[in-house]
Amino acid sequence: MSLVDRMWAFGIHKALDYLEKDPDTNIPKLLDWVDWLAPETFLPEQRASLRRIMEEKDGNWYRLIRRIYELDGEVCKQIFHNFIINIGLIDRAGVSPGQKESDGKTPWAALMSGERRDLPYADSDDSGGLNMDFDALDAVIDDRKARGTHIFIFSGDMPEDWQGKLVALCNKHRECTFSLVAEPLQLDAPFAGDILRVKNLIPTLRVTGRMEEWDTLDEVTALLRSRSLPFGFYCRCNGDNVEMVSSDAYLDRVEQCGAFYCGLRGEKTSREGEQALSAAQVQLVKERVDRSKECRAFFPVWHLSADPSEQKRAYSAGVLGHSGADWWQTIGELLHSPEQLAEEG
């Protein structure tokens, strides 16, 4: 890192102190700092939008910002530090998080699931995920990190010792952000304490979309909130559950429990024993998610997977530099699900 880069990183590190308290005072100070340091061409629409949100104070985005300040301050600073400096968010303005190395760009993220998938937003790894031993996982992360990847998303089958390995990886690779997609009951009090300690792991709860699962979800989300940790939901949708999981009643519960994002993923082709999504259901959930973006204090995301033969994006998350793309929405959508993003069609 050059001297200029070191000075820039030090300035950002000091600016992150503004994330600790009093957003009404400190976010305008942070924006003033960005205005002083960054060129006018750097995310002008997003900066203006954030100023407007902080001035009006009557919308769902303002409520979301206030909720960010309720998180553990050191966790929040660590995650933002990793995005801004280690992942190079500023330097990658206009670059898709899914840019392949063959295009001269390194993917922002690597999916560690033990399954090979065509995910242009993340370089998919089929070598075993958390079923690999620690040294093998560590070597994979070292290799990808050296090439510029700093987000590692774990999903799929979890062996008995998965918690210890994941926490050890978070400890060793502090400059990386890890995301875990897991069943709610896999998150217990000792693991929540480990997440708070390492500060660079974001859990995503895999849900079914049934209202009867809320007894379990209320218990697990209360545990995460008690540690002031960020978390989100992910649900794979079909014709049987999509209307419930996208309903006002369900999404209201998502907001009330403190989730920061909720990813809903549908598939054009149904699996055995499931009802396929109809065109009317697809349109309905898109409308409900769009409406939620205007009134709820979390990131709702809807993605309809394309047929395997098409390998095209059915939904575009929006990336930095694209017209109308929101910086914070890009981050939320990037982390919420290892299966959500696919190549823009």
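## Cysteines

The whole structure has 0 disulfides (cysteine sulfur pairs within 2.5 Å). Cysteine 257 is in none; its nearest cysteine sulfur, that of cysteine 262, is 8.8 Å away. Cysteine 257 is buried at 4% relative accessibility. Buried means under 20% relative accessible area, exposed over 50%, partly exposed in between (1.4 Å probe, protein chains only). Cysteine 76 is also buried, at 3%.

## Basis

This is a predicted model: local features need pLDDT of at least 70, side-chain atom pairs count only at pLDDT 80 or more, and totals for chains, interfaces and linings use all residues. Residues are numbered from 1 along each chain as its sequence is written, and side-chain values use heavy atoms, without hydrogens and water.

## Helix H4

Helix H4 spans residues 60-68, with Asn60, Tyr62, Leu64, Ile65 and Arg67 buried. Helices (H or I, at least four residues) and strands (E, at least two) are DSSP runs, numbered from the N terminus. The buried H4 residues pack against helices H2, H3 and H12 and strand S8.

## Salt bridges

The structure holds 20 salt bridges (a side-chain nitrogen of Lys or Arg within 4 Å of a carboxyl oxygen of Asp or Glu). Lysine 145 meets glutamate 175 at 2.7 Å, N to O. The pair links distant parts of the chain, 30 residues apart. Lysine 145 is buried at 16%; glutamate 175 is partly exposed at 26%.

Aspartate 252 bridges to arginine 296, with the closest N and O atoms 2.8 Å apart. Aspartate 252 lies in helix H11 and arginine 296 in the loop between H12 and S8, so the pair ties together parts 44 residues apart in sequence.

Terms used
Contact means heavy atoms within 4.5 Å.
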